[in-house]
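Load the model in the viewer and keep the selection panel open.

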Amino acid sequence: MSDTANGLTKGKKVVSTVCASHCGGSCLLKVHVKDGVIIRIETDDGEEPQLRACWRGRAYRQRVYAKDRVLYPMKRIGERGEGKFERISWDEALNTVAEQLKQVRDTYGPEAVVLMMVTGDVHFLHQRGPLIKALSLSGGFTPVWGITSFHQGLSASLCNYGTIHTANTRNDLVNSRLIIMWGWDPAKTIMGANTSWYVARSREAGCRIISVDPQYTNSAATFAEQWIPIRPGTDCAMLLAMAYVMINEKLYDKNFINTYTTGFDKFENYVTGKEDGIPKTPSWAEEITGAPASSIEKLAKMYATIKPAALMAGISPGRTAYGEQYHRAAITLAAMAGNVGVHGGDAAGRAWESCFPGYPYKMGFIEATFAGPGFAPNPAEKPAHEKVAAYFGKKVPFLASGIHCSKLADAILKGKAGGYPVDYKMIYIAYSNYVTQWPDLNKVVKALKALEFVAVQEQFMTPTAKFADILLPVNTYMERNDFTVGVGEAFVGRINQVIEPLGESKSGLQIAIELAKYLGIDKLVDKDEQEMVDEYAQGNMVPDLEKFKKEATYKIKLSEPYVVFKDQIKDPANNPFPTPSGKIEIYSQELAEMNIPGFPPIPKYIETWESRKDPLARKYPLQMINTHFRRRSLSQFDSIPWLRELEYQPVLISSEDARARNIADGEMVRVFNDRGEMVIRARVTERIIPGVVDVPHGAWYDPDKKGVDRGGCANMLTSDELSPSGGFAYNTVLVQVEKISDHGRAQIRTV
Ligand SMILES: Nc1nc2c(c(=O)[nH]1)N[C@H]1C(S)=C(S)[C@@H](COP(=O)(O)OP(=O)(O)OC[C@H]3O[C@@H](n4cnc5c(=O)[nH]c(N)nc54)[C@H](O)[C@@H]3O)O[C@H]1N2
Ligand SMILES: Nc1nc2c(c(=O)[nH]1)N[C@H]1C(S)=C(S)[C@@H](COP(=O)(O)OP(=O)(O)OC[C@H]3O[C@@H](n4cnc5c(=O)[nH]c(N)nc54)[C@H](O)[C@@H]3O)O[C@H]1N2
Ligand SMILES: [Mo]
């Protein structure tokens, strides 16, 4: 492909493009290129609000030219997982994948083939769509369902609001007078290039900001007047106690509740203790959450009286067992304070921090295709059997067909004999670091070893790539054209190809097109990359395609910040909520009828498994959370030297817990439970509460001979148990931490 974005492989040029890494940022990059090689990356220095890239975007040069990039098709020569490969031709690689597909389909049926894909970058063309189409048209496959990030938030949003679109644009935060950062750390997680910038503007305008989190986050340190520490997985209890205070002190918005919601009476009966004899008072919540009753009471009063207020209920507290209850309670509280549908408020529903890419403005062509050039009927696709999946699948189809991805490893290992619908034989992994990112890593590793064939499409020699039988090299967004959208911002971006693809790597679209040929499909798509990107742009209100190509970004002008449910609140008679009752369903009749264990029709506090009260806590007394890390995007960027220099992969442990274990800051420790064990460096801090440790997830699995992970991969310890709506419970884990004896220390490799 010689037609690079600005047509240059010789001489110097600066190409504007958009970093669409999976942090929700979509920031502007100005890439300096000399003779076809990236020499420097700058970012937005124009008018505020800028689309200013963080250190990951600006370190992308090292990512493109990383030593561990996969640049040629490869075939495994050692044991699976060992990482020994031999270079082969594209012809041999694609032919082998196609042959294996045919053989597995012919022998066991197309459903024995699993296509395991997540996201990679947040853009639309070099994404899941083309591969889905290729494998659908050629006979079918089993897809995976389940959303790692926000499944519980999305389920709650569907129940209470009847939609997953529950966000305002981020610029509306400047209208807030109180922001509660509940398990929300935008200084780190980005989720909209300017989220932190708007929080800062809001603070400058006098907005009060409180953080509720097991950790004193950078966002709390920068913006908040108070940090209310809380035990993981107990947030629903604190929200219920806030509701109790608002009910008891008659501080809630009765008019709002009567006009726009259903079932508040049942919720009130539960909260006050009429239903079960237990009033959900702040003292009741203190015992569960560890948050002081006085702080709970004060926060409830603030939220009820300072208007408008944005309860920014993050998705991490929801990534727990019964996390649906936390999200449903947060939505209920937002309704009680009348903060739904008003500027400066927030509906507290959540799907990727409430910001589906591109939403709220029209997504044109993308809306129909979601990810790539069109889906085709998949003959092997079957809806998931579970009641919950069937329910959610009706509303959001991609939620529920095939096998739940958290249970995939279990299903591969147990198959039909273990009650799963299919004996899975082959997996094609693309846009996912399955080994590092999925719960219960040891099970995932066993499952990958048990399959007949594993194909992996990767940019890097990741722990997952090492399990490939055939490894297909895919390029980075610097080497192809694509289209992206802002998260929580009315903004679209053009990813411009900056350099030629490195080695023999190809784009995701190209791989799908060529694989399709080996599967008997001559023409998977009838347009080229540039045409499709232009079509996306045209479908999304971009007025000048040439200008868009040159500048790479286009900000859609909205007359005012977008506020969700404004019409429902202003004119309820003509604008019902898309729920069965047309109202915000604090009580859900549909849920009542489904009678799902752990998913009651009103939000209730349910003690998680592996809580500190679990008998298992005697053996493993520390709750482990596994946050998203500043220098990575999920597991991406983990091997980049500039970023590694910034911080090491730690287990964050409180000074109190460290003292009790005689652990000094920076010492190597063991973190373990019945599922696995790792050796990792301790970061002793006052910024995390006693009883809780944090191993930021995404570090690359690096087992020693005994199977102990030296890479610090959190999923060595997590469990694949699902929350009732099919959500991941990554943050519900018990572990123990131990100092390593001097004897052990001699064998430690440092990261
Ligand atoms: N730098 C960076 N940014 C990213 C990503 C990344 O990997 N790196 N990943 C992106 C993706 S895909 C996603 S889904 C989002 C994730 O975004 P989040 O889920 O919001 O991110 P986390 O870091 O997991 O958690 C945010 C905060 O929640 C707190 N927390 C954890 N458990 C609990 C709990 O039970 N209760 C309470 N109250 N707080 C809790 C943590 O201490 C942390 O401060 O971030 C996106 N942005
Ligand atoms: N313990 C724990 N585990 C978690 C979470 C947690 O909170 N705790 N969070 C979960 C969340 S929210 C998410 S979203 C998942 C993500 O899970 P994954 O999507 O599996 O994680 P990534 O690290 O983004 O892996 C994407 C892989 O695709 C490769 N890749 C292939 N093609 C491309 C391409 O075209 N572009 C890019 N950029 N990459 C490509 C990348 O090199 C990378 O290795 O992880 C989940 N895992
Ligand atoms: Mo995510």
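Which residue ranges does the domain assignment of the protein chain give for domain 1, domain 2 and domain 3? Domain 1 is made of 74-149 + 372-476 + 501-526, domain 2 of 152-351 and domain 3 of 615-745. Colour these ranges separately, and keep in mind throughout that this is a predicted model.

**Stop 1: domain 2 against domain 3**

Select 152-351 and 615-745, the ranges assigned to domain 2 and domain 3. Taken over C-alpha atoms, the centres of domain 2 and domain 3 are 28 Å apart. Domain 2 brings 21 residues to the contact and domain 3 brings 23 residues. About 1800 Å² is buried between domain 2 and domain 3, and 50% of that area is on carbon and sulfur atoms.

How many salt bridges does the rule find across the interface of domain 2 and domain 3? The number is zero. Polar contacts are another matter: 16 residue pairs between domain 2 and domain 3 are in polar contact, counting pairs with both residues at pLDDT 80 or more.

To see which helices take part, select α5 (151-161), α6 (186-189) and α14 (323-336); each supplies at least two residues of the side of domain 2 that touches domain 3. By class, that side of domain 2 has eight nonpolar, nine polar and four charged residues.

**Stop 2: ligand 1**

Centre on ligand 1 and show what surrounds it. There are 33 residues around ligand 1, and the closest are Lys188, Asp213, Asp235, Arg319 and Leu634.

- Lys188: an N or O atom in its side chain is 2.6 Å from an oxygen atom of ligand 1.
- Asp213: a polar side-chain atom is 2.6 Å from an oxygen atom of ligand 1.
- Gly233: a polar backbone atom is 3.0 Å from an oxygen atom of ligand 1.

**Stop 3: ligand 2**

Move to ligand 2. Around ligand 2 there are 28 residues, of which Asp121, Glu458, Asn626, Ser635 and Gln636 come nearest.

Which distances separate oxygen atoms of ligand 2 from N or O atoms in the side chains of Ser432, Arg480 and His628? For Ser432 the distance is 2.9 Å, for Arg480 it is 2.9 Å, and for His628 it is 3.4 Å.

**Stop 4: a salt bridge**

Side chains of opposite charge can pair when their charged atoms come close. The structure holds 40 salt bridges. For one of them, select Lys613 and Glu287, whose side chains meet at 3.1 Å, N to O. Lys613 is in the loop between α24 (589-594) and β21 (622-625) while Glu287 belongs to helix α12 (residues 282-289), so the pair ties together parts that are 326 residues apart in sequence.

**Stop 5: backbone details**

Select Glu48 and Pro49, which are joined by a cis peptide bond with omega of about -5°. Pro49 sits in the loop between β3 (37-43) and α1 (55-58).

Then select Lys307 and Pro308, where a cis peptide bond has omega of about -5°. Pro308 is in the loop between α13 (293-305) and β12 (309-313).

Finish at Asp440. Its phi is near 55°, a positive value in a residue other than glycine. Asp440 is placed in the loop between α18 (434-437) and α19 (441-450).

Terms used: Residues numbered from 1 in each chain as written. Chains lettered and ligands numbered in written order. Predicted model: local features only at pLDDT ≥ 70, side-chain atom pairs only at ≥ 80, totals over all residues. Heavy atoms only, no water. Domains from an automatic or database assignment. Contact = heavy atoms within 4.5 Å. Buried area = accessible area lost by both parts, 1.4 Å probe. Salt bridge = Lys/Arg side-chain N within 4 Å of Asp/Glu carboxyl O. Polar contact = N/O pair within 3.5 Å; in protein donor to acceptor, adjacent residues only side chain to side chain. Helix = DSSP H or I, 4+ residues; strand = E, 2+ residues; numbered from the N terminus. Nonpolar A, V, L, I, M, F, W, Y, C, P; charged D, E, K, R; others polar. Near = heavy atom within 4 Å.
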